[in-house]
Amino acid sequence: MMDTDNRPFAIRQYAPAQLREALKRMYLIRRFEEGAEDSYTRGMIHGTMHLSIGQEGSAMATCMELTDDDKITSTHRGHGHCIAKGADVGRMFAEFFGKETGYCHGRGGSMHIADVKTGNLGANGIVGGGLPIAVGAALSAKRLGKSDVTVCFFGDGANNEGAFHESLNIASVWKLPVIFVCENNGYGMSTSTARSTAVPHIAQRAAAYSMPGTTVDGNDFSAVSEALHIAIARARAGEGPSLVENLTYRWRGHSKSDRNRYRTKEEIEAWMAKDPIARFRAELIAHGILDEAGADAIAAEAVADVQKGIEFAKASAAPDLSEVTRYVYAEAAL
Amino acid sequence: MNVQSNPVTSDDTSARVLSYAEAIREAMAIAMQADPTVILMGEDIGVYGGAFQVTLDLIDRFGPDRVMDTPISELGGAGVAVGAALTGLKPIFEFQFSDFAMLAMEQIVNQAAKLRYMLGGEAAVPVVFRMPSGSGTGAAAQHSQSIEAWFGHVPGLKVLQPSTPEDAKGMLLAALADPDPVMIFEHKLLYKTRGHVPEGSYLTPIGKALVRRAGSDLTIVAGSIMLHRALEAAEKLAVDGINVEVIDLRSIRPIDRETILTSVRKTGKLLVVYEGVKAYGVGAEISAMVAESDAFDYLDAPILRLGAADAPVPYNPDLERASVPQVDTIEAAARRLARREV
Amino acid sequence: MPVEVILPKVDMDMTHGTLATWHAAEGQLVQQGAALFDIETDKAAMEVEAPATGYLRQITARAGDKVAVGTTIALLYAEGEAIETLPAAETPVATSAPKSEPTGLQPTEVILPKVDMDMTHGTLAIWHVAEGDLVQQGAPLFDIETDKAAMEVEAPATGRLHHVSAKAGDKVPVGSTLAWIYPEGLAAGQAPLKTNAPEVAVQTIAPASVALTSVPPALQSTKVTVGQGTRATPAARKAARDSGMILDDVKGSGPLGRVQKADVISLMTAHMPAMDSPSFSDWSRERGPLHISRRQGTGKPIVLLHGFTADSQSWAPLDKALGSSSYLLRVDLPGHGKSPKRHVNSFQDLARMVVEAFDDATRDSEEVHLVGHSLGAALALAVADIRPRRIASLTLIAPAGLGPEIDAAALNGIVRASRVESLTPWLRRLTATPEGISDDYARAAMRARADVQLRACQTDMAQALFPDGVQSFDLRPALKRATCPTQIVWGRNDHILPYDHAIRADGEFALHLLAGAGHIPQIECPERVARIVNRMIRSVETVG
């Protein structure tokens, strides 16, 4: 790579096919969540859900260099992480519809969506719940002599949980291969980071635990992937953890019960203008990775995949009611 | 305190005697020797040897990478153990006192216990939490509790309370062989008690109670240190011709329903003794289980429970002793029950 | 294509919402994101924005309507776009919704509602709207009748009534689908499937051959066989139940006199006859015809066959209740009453002896009415099977032989009891409640059983007829074959033989189930049994 190459990091670093696949997955996240939202408003999805529409760039760029052996821990706003890590949207829809074919056989739903085979250890309903678990996964990799890393997604809300501080400290003391990725969307439910967090940037917390901390534009695919590239390299080299803060925004409410009393329309519209998918698409077109027609084709593929996924989910069988206690314990053990 | 081990549990004829703490240590050493994925985590378990010296010298044998002193971070430490268990290690996490597990409730109850279910059977968390437990040491309210029933309420966990060195070793090895999270409550007063312990590796089955003393007049269900107090009370009652059956409640979850019901059908009278606070405790569960079963028709007296006073564990040694069941209180309750005075 | 406006799910547990107000009128142009309507749920009110820019048309929900989540309540059309006609098959669906799933307009299910706390079924009394007719939401749709009351049910929606599956007079379980209401414009095709609905089991009124006898409420108490006010442990209660004792009779040794198991056991052993006393195996077998007692009267004779351990005397209350004009022939079974203590090998053996006695006793009559109780009823069936042309009618009271179960403990207890104290607890199982057996009755019964030889003979017979506590003979085929008018009378509180033997039996018989009666209704309520027998006799003789 020439020093004079001033193209964005992602364009320089990744093959065109990889970049097109990344765009596809970002569209897939968006269309998946829209489809889930539509199914929800029709009463076909039970409970609630937390949509990450507007945060697709952060999810996809963070997972760009991860293999299936690398682990992630995810959050209650985890649909994007799951798809970015390689999950199948049909089985995700099946889970949301509570079907036996879902990733969690209808026991987990949106808030516990996971795909262990692609290294996603699961979304978590407890804010900060995934942080120590990610450190544990990193400990396993180190103890078992693997070069795998663990990416720990968490939100700005979690940075004020004790689990955050304990986890960063332990990971640093033990130099574990974990990257803490804070998706800072500005609000823990309705409370803004300004009102809840003593430091202006969550990445500043890293200093207390003697690890690098970086704040990037979370809607800029290239900026996020570059920050992760550096952090992953450090982790794989055995130099320990990093903290990356992706500044982003959720277009929708906290959950489906959100009445949106704490944000202005102007603020939401300003962030919608910074749509990470539109930006990444324009960047790929600008650098000749694909043309408008190619981008449209990718977007159309995502729509088709989502429709197919919903059909699959609807056609799937519900869990047997007599199996309500199945999966509480290992089956052979009982 | 010397405890006769139940003859049915061992065919080892050697008279090797170890303390309860030594038996646990031996189990950990055997497991670590056999399986490189077994690691120990906890506060001051390395050169210090743990608050109760249970891990003494293990760091010399297995090194600091496998005998890991954690920062004083119960939530983080327990969570790291959960994450490690989820991804291929078999951690044994020692809480310095079981009371401190309350700082880690989130990881134990919301994560370890539920991950397999939430993920539809696609994940396993084979972690073992060691829980030094109970009163009698003068450590007062925050270092003396018996909170095993709390975890008995959580599907996904297994909750054990070995009463003898032999079981302490066999249950720890069984817990490590189990694919689900297991909490082992070790009574602090038992650590120095000695008893016969077989050589080598063996598994004490999880979920099985044991009739430690056969009798016909009434049944006492008790575990951990309360088993020993109940056995002692039973010997005193035998002098007066009251023949007590004593069941060692080695496993709280899963509970051995059949052993308890069979005994109640035989004796018609039940006394449950436990060190946790009496209200909403292990005794409530066992009493209800019997009352709901066909064994109800065999009850010839009300079910009695003896548990801790409705107060935090007090400091004053006499108060402390009075706050939990002792041999004399067990004996008195059993006598009243046998004599139809309740 | 127009964009549909649906009533959205906005809360975790929301299934319906009330449309509070429209912010735009039909035909008005609305901008995407502008407030379109308000909804109210149990918890909160909320504004819903227009999902697209367009002209608001085809509003189906008005302010105040409660609408299911996901229902299409209007459409937004682009400028110049042609108005589509509904029905819903053509209703635009969101890109993510599959074609197969009904969205938009949906038929509304009409169910039989639960209108009473303990209601499980209701009878549809009348439809106020005919199939295919239009009905307005809130207008009377049908009437239902329950045990307690009649009630009008309103239409849950506006539209045409289709797929009516229950008609006037049908008794239907609560929650069953009765029909569907289709909004105008939605074609009624196949009846929609309702998942997890109970099957519409239309319960037919009892067929003519089964007459359910109603019982005055005073007799409907179902007291358990243990003493009511006695403090006793569960184990003591079980021991008493198993041995037919009444706890009131037991003196408790526990706190405040609570009865313990040991108290019951010690009382029982005190009363227990020596089981292996020689008198039970050692009795002299007798020969000779069975004893028959007669009461002269008019009409065809009524032949009465008593039950095991009873005798002809036991018919006395019924004799009286039947009226003095009836001609009665009472047979004492072998080893019972005044009949010789003959050895019986098997039920067939016994039946042969009874047929012999029957032939002998009824030689002068062409036809007789045959009435039997318990074992006597089984024998009556056997007689009717062998002599079908001789039987004008057959009345079986608590018949044996229709199933294997029998209370063997009571049977053995009665056979073996040697004193009134040990007989009484078992006798008390014969009636619906223990109080049904008075001390006088028990003493009289014991006097009739004072003969050790008689008890030994009956013990021997019990072993032949009820080996291992099971009824070894099966008269269900005979019941099925019976051609004469046949009726069964059974107490709902029979503790010796379960009345469901009759429910499960096949055959053309009428069944009278008597609430408040136990195993011996002819003694517990002789007037009722007499009424049933006389009614049968009258109906047969009138036709004859």
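Guide: Happy to. At this meeting place, 38 residues of chain A are in contact with 43 residues of chain B, contact meaning heavy atoms within 4.5 Å. Before going further, please keep in mind that this is a predicted model, in which local features need pLDDT of at least 70 and side-chain atom pairs count only at pLDDT 80 or more, while totals for chains, interfaces and linings use all residues. Residues are numbered from 1 along each chain as its sequence is written, chains are lettered from A and ligands numbered from 1 in the order in which they are written, and side-chain values use heavy atoms, with hydrogens and water left out.

Now to the area. The size of an interface is often given as the accessible area lost when the parts come together. Here chain A and chain B bury about 3,300 Å² between them; buried area is the accessible area (1.4 Å probe) that two parts lose on being put together, summed over both. Carbon and sulfur atoms carry 67% of that area. On the chain A side, the residues that lose the most area to chain B are R143(A), W174(A) and Y329(A), which together give 20% of what that side buries.

K117(A) and E122(B) form a salt bridge, with their closest N and O atoms 3.5 Å apart.

Which elements of chain A supply at least two residues each to the side that touches chain B? They are α6 (130-143) and α7 (162-173) of chain A, helices being DSSP runs (H or I, at least four residues) numbered from the N terminus. The largest share, eight residues, comes from α6(A). By class, the side of chain A that touches chain B has 22 nonpolar, 10 polar and six charged residues. In this count Ala, Val, Leu, Ile, Met, Phe, Trp, Tyr, Cys and Pro are nonpolar, Asp, Glu, Lys and Arg are charged, and the others, Gly among them, are polar.

Conventions
Salt bridge = Lys/Arg side-chain N within 4 Å of Asp/Glu carboxyl O.
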